[in-house]
Amino acid sequence: MTATTAGPTGSAPASPLIALSGLSKTYGGAVALDDVGLDLWPGEVHALMGENGAGKSTLIRVLAGVTPADRIRVRLQGRAVPLSSPADAAAIGLRFVHQELNIVPHLSVAENIHLGRPAPRRLGFAVDWPRLNAQAAAALARFGVSGIDPATPAGRLGMGDRMMIRLAALLAEADTPARAFVLDEPTAALTHAESARLFAVIDGLRRDGAAILYVSHRMDEVMALSDRVTVLRDGRLAMTAPRGGFDRAGLIAAMTGRAEMAAPARTAAAPGAVLAQAEGLATDTLRDLSFTLHAGEVLGVAGLENAGQSALLRLFLGEGRLRAGSLRLASGARPRSPAQAWARGIAFVPRERRREGVMPGRSITANTVLPHLAALAGPPGLARPRAEVRMAARLAGALRLKFRRLDQPVGSLSGGNQQKVLFARAMAGDPRLLLLDDPTRGVDVGARADIHAAIRARVAAGGAVLLTSTDLAELLALSDRILILRDGSQVGLVPALGLDAAGLLALIYGMAGRAGAA
Amino acid sequence: MIWLRRYGTLAGLAAIVLFFSVMLPETFLTLRNLGNIGQQVSMLAVVAFAMTVVMVMGDFDLSVGAMASLSGVVAAVLFVHGWPVPLALAAALAVGVIGGILNGVLVAVVGILPFVATLGTLTMFGGAASLVSDGRTIFGRDIPEAFSGFAKGTVPGLGLPALTAVALAVLALVWVLLEQTTWGRRLYAIGGNAEAARLAGVRVIRLRIQAFALTGLGAAAAGLMYAARVASANPTQGNGLMLDAIAAVFLGMTMNEEGAPRVLATLVGVLILAVLDNGLTQMSVDSYVREILVGAIILAAVGMAGLGGLARR
Amino acid sequence: MIANSVRRMAGALVLTMGLAGMAFAEGKVTVITPYLAQPGTQFYLDGFKASAEGKGWDVNVVDTAGDIAAVIARMEDAVTQGVNAIVINVDPAQVTAGLEAAKAANIPVVGMDAGMSPLLATNVTSNGYAMAAETATYVANRIGGTGNVVMFVFDAFPPVQMRGVIADAIFANNPDIKVLDRVTPDVQDGGIADSRAKMEAILAANPEPGSIAAVWAAWDQPALGALQAIEAAGRQGEGIVITGIDANPQAREAIAAKGNFEASMAQDFAGIGAATADAVARVVGGETIREPMIYVPTKLITAANVAE
């Protein structure tokens with residue numbers, strides 16, 4: 001391990017490893033960061049939180065040296081150092097793992113780990129593949145990662161393994177010692193198991209004395225991991241506190257500037273009419289699912305990554321073929337295409353916002369009204385722009401969308417607000433059945449609360465919801481019952497009331513009775 | 001900056017018109033010359049408007065030129081066989097729709113990239129045109145006066161050349177379809193993100209086939225206009241329309257922020273190409289130099305639009 | 001920024017001014033052709049330009065790269081520009097709209113191997129009838145007015161069809177000449193390969209030496225195909241006489257080899273160009289040319305003069 005400059009934990013160092021202060025940055029008059037300070041101590045995980053647009057991204061870009069700050073003071077172990085270029089950042093010892101991993105899919109794991117540095121040579125020119133692969137395997141082994149063949153193309157690996165490759169690559173960069181790691185939403189695309197493995201690696205780095213700046217929206221992770229938390233709001237420092245000095249409610253208040261809206265107590269109302277009934281359902285990936293879905297109910301679907309959650313939702317959307325069993329809807333047979341599904345009041349919020357959800361170049365209005373064009377149209381298929389704008393405006397208001405103009409391209413909104421547009425699209429037709437595939441992925445706390453409120457409103461109005469989420473707390477908070485899948489099979493259907501994250505995880509892993517690690 | 005991006009190309013057209021008006025004060029801005037331009041551009045305009053329909057979805061149709069040749073030849077061969085003019089024209093237009101559907105099926109159902117699929121059909125249509133015509137030019141007495149006379153005619157009362165009137169009618173039709181109907185909205189949605197549109201209930205496959213069919217129909221119509229204008233049909237005469245049509249759509253795409261094709265913007269692109277051809281010929285600029293200039297101006301327009309976008313970031 | 005973009009556009013166009021600097025001289029003639037890339041067209045133009053230079057004209061050559069509709073468009077542009085005369089090198093039936101525009105503006109249009117049209121002041125070309133007559137009489141004389149002749153014709157294309165008619169008449173006028181077959185080859189691949197196949201079949205059907213006296217072809221490609229068939233069948237020693245028309249390089253080579261391919265007709269392309277320039281001078285000078293077609297003499301090519 002190269003992160004060796006700081007002393008071991010326990011013997012408290014006298015000064016922070018890296019101290020930023022007086023950091024200000026404006027973009028053409030708009031203040032992105034205003035007099036922000038941040039200390040990174042060796043052997044500490046420092047969480048950075050804030051809503052989308054609070055200034056986290058700018059802070060990270062400044063740290064990486066890609067965006068020069070207007071004013072900044074940087075001290076490395078008490079000594080003033082410059083930070084205005086990526087080279088400065090590297091010299092300080094900062095290493096970055098961005099949301100979008102810089103992995104070249106066609107290259108092997110080993111090549112990715114050695115990317116940008118000369119590979120070991122034989123005879124001065126031929127790449128020494130065995131040595132390259134051995135070095136890569138050693139780098140991975142430092143994280144306790146085994147089972148990744150360094151010769152595999154990186155594109156074949158899951159997100160979790162890619163994250164490990166990226167981290168290994170950072171550690172392998174030997175020019176300057178890696179002192180501090182900046183992880184930007186590292187678990188956004190990871191499964192629970194992959195996240196758990198990443199946390200173990202982070203713990204290892206911390207014990208070796210590295211400083212970790214951990215940027216995340218996920219409250220549970222922050223509570224579990226961090227030794228210190230800094231919250232930004234509107235470009236200003238809203239709060240910074242060591243472990244013990246913050247709690248969940250306090251963090252939310254600091255981020256949003258308002259107290260957490262207490263979730264309205266779920267009324268254990270009598271279930272409504274049966275909306276859908278599955279019996280012995282089987283497809284290529286799903287086996288033997290039997291459940292009913294009632295009006296006014298949220299049915300959560302939980303499981304490890306690719307346990308079949310998405311496939312189940314897609315089945316209701318008219319995709320996939322039934323191999324056995326039946327899926328009956330109150331409105332008739334199962335739709336045979338997404339077009340039919342939407343026409344029958346089934347709405348869908350996809351998992352991959354960029355790939356499956358938004359049309360980034362199209363306006364908020366166009367994105368919102370797309371499935372409802374026929375309902376809004378005049379007689380011979382003529383579009384009615386004013387009705388379209390009215391619909392978009394109504395939903396933007398209801399979901400508290402932050403936007404400048406309804407005709408601005410959706411791609412110019414923050415991630416959370418893009419997600420709200422997808423919700424607006426789904427909600428616009430007052431759907432009988434809402435299919436939500438991990439609907440708050442990478443969404444900040446405020447937007448998340450607005451989305452949750454919209455889901456609850458739909459349920460209160462008699463709609464049914466089929467929900468998956470990688471955030472177990474969210475699943476528990478929203479669902480009435482939870483369907484648990486493992487490898488496409490139904491392993492349980494339990495009421496959410498009285499269940500906690502540990503209990504749910506135990507069910508997912510099939511360790512009922514044992515306490516699962518959150 | 002947005003201003004430059006949006007209106008730079010239009011300003012370019014204005015500048016070109018201004019330039020020729022100054023250089024050719026006697027002849028350029030005359031009713032007669034403008035009428036000429038309107039007539040000269042009509043076939044390219046129809047192909048470009050039709051091309052806009054598929055480019056809205058982010059697709060391409062390289063087969064439009066070959067289809068224009070094919071439809072002209074089909075009509076001419078049917079004339080030779082003594083078919084009445086309206087029937088022969090209907091058959092030629094039907095060939096356009098069928099060819100377009102073939103393109104649509106290859107792209108939307110079989111899943112071949114539009115570039116490759118329409119490159120294949122381009123070759124097929126070209127071969128079919130040679131086969132149907134025996135590789136010959138059909139002209140003279142075989143082309144009925146009722147057909148070729150149309151291209152020389154004007155709209156009664158308006159003095160508008162008939163071919164220009166057809167182009168304007170196609171423009172109006174495509175504009176209504178793309179800008180005023182839910183059908184057009186869905187096409188733009190496919191262009192914005194096809195998978196997202198599909199999951200949001202847009203029948204992507206059906207729409208793509210319909211759009212390609214419409215483009216095929218437009219190409220066939222342009223081929224008939226061409227055949228009427230030259231009072232003859234040969235199996236390669238429309239081939240040159242394809243690249244100019246794509247260039248016109250690209251010129252038009254420089255005119256909006258999202259870089260999405262708009263049919264009125266395509267019209268500006270078409271006019272730029274036509275005005276340059278007309279004016280430079282009148283100034284006796286060598287035809288090869290003219291080609292180099294036209295290419296350079298296309299690149300300049302698209303390049304400036306690109307720079308405008310870059311500067312906004 | 002907008003001003004900047006206009007300036008850039010204008011800059012590009014000002015450049016064209018320089019290129020078009022000599023645009024406004026006396027005697028402006030625009031030559032429009034869709035076929036500039038074809039070798040024959042270049043010879044016409046060389047002859048035309050050489051002659052035009054002596055007359056002090058400003059000649060603008062427009063190539064539309066195969067696009068016939070563009071020929072009409074450029075004719076209209078030339079009319080608008082007010083040139084003194086237009087020369088076209090395309091079938092006038094296909095560009096009637098352009099011819100009418102020129103007529104309305106009283107601008108004369110002269111055809112350079114274009115075709116006959118009342119809208120043209122005149123058309124300068126080679127006499128297809130005369131060319132066919134020369135090769136057909138060459139064949140008739142060489143075989144002493146007796147024997148079987150194979151004809152290669154193409155009646156679907158008028159300029160070639162007229163050659164066949166003349167040869168028919170000349171052979172019919174020799175009572176002892178029998179036309180064995182009148183073949184229309186498939187021309188998709190240029191005509192050589194299919195002509196060879198057809199000739200091979202005819203040779204097989206007439207195996208007796210001397211049963212075929214001559215092959216008359218309406219253009220060079222079938223003549224070359226027939227030559228290949230005869231040589232492949234090993235019957236080059238029978239004295240079968242072959243003639244073509246056009247005298248293309250491949251044909252000249254065959255004639256120079258002194259084999260069965262004995263004669264072809266050469267058109268004087270440069271002469272057509274020069275004569276076109278003369279015709280233009282006459283119509284611009286106010287003369288009305290009475291004959292719709294002006295023929296430039298052609299030349300019989302045999303082994304004796306093929307090297308010239």
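Let's start with one pair of side chains: Glu319(A) and Arg198(B) meet in a salt bridge, at 2.3 Å from N to O. The term salt bridge here stands for a side-chain nitrogen of Lys or Arg within 4 Å of a carboxyl oxygen of Asp or Glu. Between chain A and chain B, the count is two salt bridges.

Before going further, a word on what you're looking at. This is a predicted model, in which local features need pLDDT of at least 70 and side-chain atom pairs count only at pLDDT 80 or more, while totals for chains, interfaces and linings use all residues. Residues are numbered from 1 along each chain as its sequence is written, chains are lettered from A and ligands numbered from 1 in the order in which they are written, and side-chain values use heavy atoms, with hydrogens and water left out. As for pLDDT, that's the predictor's confidence in each residue, from 0 to 100. The model scores ipTM 0.88 and pTM 0.75.

Back to where chain A meets chain B. Here 30 residues of chain A and 21 residues of chain B take part in the contact, and contact means heavy atoms within 4.5 Å. About 2,000 Å² is buried between the two chains, with carbon and sulfur atoms giving 55% of that. Buried area is the accessible area (1.4 Å probe) that two parts lose on being put together, summed over both. Three residues, Arg362(A), Leu370(A) and Leu373(A), supply 26% of the area that chain A buries against chain B, more than any other three residues.

There are also eight residue pairs in polar contact between chain A and chain B, both residues being at pLDDT 80 or more. A polar contact is a pair of N or O atoms within 3.5 Å; within protein, one must be able to donate a hydrogen and the other to accept it, and residues adjacent in sequence count only if both atoms are side-chain atoms. On the side of chain A that touches chain B, the elements giving two or more residues are helix 10 (338–343), helix 11 (353–357), helix 13 (373–376) and helix 14 (385–398) of chain A. Helices (H or I, at least four residues) and strands (E, at least two) are DSSP runs, numbered from the N terminus.

Now for chain A itself. It has 18 helices and 21 strands, and buried residues make up 55% of its 518 residues. Buried means under 20% relative accessible area, exposed over 50%, and partly exposed in between (1.4 Å probe, protein chains only). The mean pLDDT of chain A is 83, with 89% of its residues at 70 or more. Over residues 1–10 of chain A, though, pLDDT stays under 50, and the model has 18 contacts beyond four places in sequence for them.

Two residues of chain A are worth a stop. Arg228(A) is found in strand 11 (residues 228–233) of chain A, and its side chain makes a polar contact with the side chain of Glu44(A) at 2.9 Å. Not counting residues up to four places away in sequence, Arg228(A) touches several others, including Trp41(A), His46(A), Pro242(A) and Phe246(A). Leu497(A) sits in the loop between strand 21 (489–495) and helix 18 (501–509) of chain A. Leu497(A) counts as exposed because its relative accessibility is 62%. Leu497(A) and Arg481(A) are 16 residues apart in sequence and 7.9 Å apart in space, C-alpha to C-alpha.

What about chain C? Chain A and chain C do not touch, and their nearest C-alpha atoms are 19 Å apart. Of the two pairs of chains that touch, chains B and C have the most contacts between them. Chain C has ten helices and twelve strands, and 53% of its 308 residues count as buried. Its C-alpha atoms fill a box of roughly 85 × 50 × 35 Å, taken along the principal axes.

Helix 4 (residues 96–104) of chain C has buried residues, among them Thr96(C), Gly98(C) and Leu99(C). They pack against elements of two chains, including helix 2 (31–40) and helix 11 (204–230) of chain B and helix 3 (68–81) of chain C. Just after helix 4, Asn106(C) takes a positive phi of about 60°.

Finally, confidence in chain C: the mean pLDDT is 87, and 90% of residues reach 70 or more. It is lowest in helix 1 (residues 2–19) of chain C, at a mean of 46, and highest in strand 9 (residues 241–243), at 97.
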